[in-house]
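Dear colleague,

I am passing on the structure below, together with some notes on what a look through the model turned up. Please read the notes alongside the coordinates.

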Amino acid sequence: MGRDLRGPRRRALRPHREPGQHQRERQEKYLFSTPYTVSPGVIVVAEDDDSISSFDDLEGKTTAQSLTSNWYELATESGATVEGVEGWAQAVELLRQGRVDATVNDKLTFLDYEITNSPSGLKICLLYTSDAADEGLGV
């Protein structure tokens with residue numbers, strides 16, 4: 001007869017760990033790669049918009065952001081009202097239609113968009129250079 005897997009699991013066989021210990025052990029074991037590409041954050045606005053020159057200028061503005069992104073957090077912490085979108089394509093469309101004032105995203109996403117949609121009528125008005133905000137892809 002097989003073991004009944006529907007019953008409660010027992011912790012008796014697992015060693016006790018302090019909270020956060022597992023995460024520290026995983027970081028020691030796996031956090032060894034360095035990014036092979038880094039893309040800092042940018043604020044993107046309409047080409048003729050000069051009203052935003054710092055994150056403080058997002059106060060009272062409306063940005064288009066994916067609600068689960070780090071850029072959403074940065075926009076709301078800067079005082080922006082966020083229009084939730086599914087991703088970059090929707091954010092850019094709202095920006096081009098004038099329905100939002102800006103979007104915050106990574107620089108590579110914007111540059112790729114510029115290559116395929118030039119002239120886009122959009123520009124980078126601010127580059128966010130904090131190490132914590134850089135998005136990197138590890139090797």
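Predicted model: local features only at pLDDT ≥ 70, side-chain atom pairs only at ≥ 80, totals over all residues.

In these notes a residue is called buried when its relative accessible area is under 20%, exposed when that area is over 50%, and partly exposed in between, computed with a 1.4 Å probe on protein chains only. Residues are numbered from 1 along each chain as its sequence is written, and side-chain values use heavy atoms, with hydrogens and water left out.

The protein has four helices and seven strands, where helices (H or I, at least four residues) and strands (E, at least two) are DSSP runs numbered from the N terminus. Along the sequence these elements follow the pattern α-β-β-β-α-β-α-β-α-β-β. If contact is taken as heavy atoms within 4.5 Å, then among contacts between residues at least 6 apart in sequence, 61% join residues at least 24 apart.

Searching the whole structure gives two aromatic pairs; the rule is that rings of Phe, Tyr and Trp (its six-membered ring) pair if their centres lie within 6.5 Å, with planes under 30 degrees apart counted as stacked, over 60 as edge-to-face and the rest as tilted. One of them is the edge-to-face pair of Phe55 and Tyr128, at 5.0 Å centre to centre and with 70° between the planes. Because Phe55 lies in the loop between β2 (41-46) and β3 (62-66) and Tyr128 in strand β6 (residues 122-128), this pair ties together parts that are 73 residues apart in sequence. Phe55 is buried, with a relative accessible area of 13%, whereas Tyr128 is partly exposed, at 23%.

Trp88 and Tyr113 also form an edge-to-face pair, at 5.8 Å centre to centre and with 80° between the planes. The pair links distant parts of the chain, with Trp88 in helix α3 (residues 88-96) and Tyr113 in helix α4 (residues 107-117), 25 residues apart. Trp88 counts as buried at 16% relative accessibility, and Tyr113 is buried at 12%.

The axes of α3 and α4 come within 12 Å and cross at roughly 65°, the axes being lines fitted to C-alpha atoms over the stretch in contact, and the angles running from 0 to 180 degrees between N-to-C directions. That makes α3 roughly perpendicular to α4, a label used for 65 to 115 degrees, with under 35 counted as roughly parallel, over 145 as roughly antiparallel and the rest as oblique. The contact is made by Trp88, Val92 and Arg96 of α3 and by Thr109, Phe110 and Tyr113 of α4.

There is one salt bridge, defined as a side-chain nitrogen of Lys or Arg within 4 Å of a carboxyl oxygen of Asp or Glu. In it the side chains of Lys123 and Asp50 meet at 2.8 Å, N to O. Lys123 lies in strand β6 and Asp50 in the loop between β2 and β3, so this pair ties together parts that are 73 residues apart in sequence. Lys123 counts as partly exposed at 23%, and Asp50 is exposed at 65%.

Finally, the peptide bond from Ser118 to Pro119 is cis, with omega near -5°, and Pro119 lies in the loop between α4 and β6.
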